[in-house]
Amino acid sequence: MSDADAARDVVADPLAGVADLLRCPVCGGAVEADRRAVRCGAGHAFDRARQGYASLLARPLRFHGDDAKMVGARGAVLESGLYDPLLRAVADAGADVLSGTGAGPGPDGPVAVDLGCGTGTYLAGVLEQAGEPVGARGIGIDASKAAVRAAARAHPRMAALLGDAWAELPMADAAADLIMSVFAPRNASAYHRVLAPGGAVMVVAPEPGHLAELVDGIGLLRVDERKVERLAGALSGFDELRADTVRWAMRPTPDQVAAIVAMGPSARHLDAARVRARIARLPVGQTVTGAVAVRVFRRTPAAPLTAPE
Ligand SMILES: C[S@@+](CC[C@H](N)C(=O)[O-])C[C@H]1O[C@@H](n2cnc3c(N)ncnc32)[C@H](O)[C@@H]1O
Ligand SMILES: [Zn+2]
């Protein structure tokens, strides 16, 4: 393939565009990506799905993440505009980190990785907000096939990988300037290896009071009050750069309330008929509170490693 052809392919194929940041999950060697597979020099090959994502896995996943129904509900809520204040806050905080690296587009440009990326909407917002002059590249990783199918088409500069955030990530050392965890698992030891010097972690997690009206009215799971404490422990070795709590009021329709329930962990615990009955009993025009912390941490130099949460 000529250089011009290769350049065109990188533009058209986000996964080929991030291959330099990836590593073979079997031998750790550098990889190349074409439309059909990702391959290392030692001959290990990993098929790509028709939808564009790759499964860079040394062994099959034992855990399959959110099912298609949950991912669909999450996509519907994010597209509805109900979570826009949070999407904006995440995009701003992430773009600040990427722009702050001072790098421009190209192979040395900034890189953001989203672990448990879901539909990829938050990472796409960060890449878009950082803008063309920065030309940041993104990699979304999720254990759910339905999620990575969506993430693979979320942004032209974003690749999607099926993977486990708790396992060894198929990424080169120091490859990322920003690692995101948005309502998703955290893995502090992976952060230390994969983050570039001066890199940052963004953790987005619900605060007490998030969706409070639905906790009371429908029986959604309550936010664990000790989560913030545990988070601080899990991220020892990082300094907090900023912490913003985004609070907003939503006015969801009954269908949107149903989608909010269906996208979260409560979907697995609640009986669908009972949820419908409780939604029908909510006051007309019920406002629902959003309360979510967006926190950015930078690695403390020479910090000791800590175990994943
Ligand atoms: C609550 S959803 C959040 C998705 C997305 N960050 C968002 O906020 O829209 C949690 C996501 O993490 C994924 N997930 C859960 N455990 C995981 C793991 N061990 N490795 C990778 N993804 C995981 C799920 O499949 C799901 O997409
Ligand atoms: Zn290999």
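1. Val111 stands opposite Arg137 in strand 5. The model is a predicted one. Strand 4 covers residues 111-115, and strand 5 covers residues 137-142. The two strands run parallel and are joined by five bridges.

2. On another pairing, strand 4 also runs parallel to strand 7, residues 176-182, with three bridges between them. Here Val113 stands opposite Ile179 of strand 7.

3. Which way do the residues of strand 4 point? Val111, Val113 and Leu115 point one way, while Ala112 and Asp114 point the other way. In a regular strand, side chains alternate between the two faces of the sheet. Strand 4 is mostly covered, as five of its five residues are buried.

4. Helix 5 spans residues 121-130, and together with strand 4 and strand 5 it makes a right-handed β-α-β unit. Thr119 sits in the loop between strand 4 and helix 5.

5. Why does Thr119 count as buried? Its relative accessibility is 12%, and buried means under 20%. The side chain of Thr119 makes a polar contact with the side chain of Thr121, at 2.6 Å. Leaving aside neighbours within four places in sequence, Thr119 is in contact with residues including Val71, Gly75, Leu78 and Ala147.

Note on methods. Residues are numbered from 1 along each chain as its sequence is written. Chains are lettered from A and ligands numbered from 1 in the order in which they are written. This is a predicted model: local features need pLDDT of at least 70, side-chain atom pairs count only at pLDDT 80 or more; totals for chains, interfaces and linings use all residues. Side-chain values use heavy atoms; hydrogens and water are left out. Buried means under 20% relative accessible area, exposed over 50%, partly exposed in between (1.4 Å probe, protein chains only). Helices (H or I, at least four residues) and strands (E, at least two) are DSSP runs, numbered from the N terminus. Two strands pair if DSSP finds at least two bridges between them. A crossover is right-handed if, with the strands pointing away from the viewer, the path from the first strand over the helix to the second runs clockwise. A polar contact is a pair of N or O atoms within 3.5 Å; within protein, one must be able to donate a hydrogen and the other to accept it, and residues adjacent in sequence count only if both atoms are side-chain atoms. Contact means heavy atoms within 4.5 Å.
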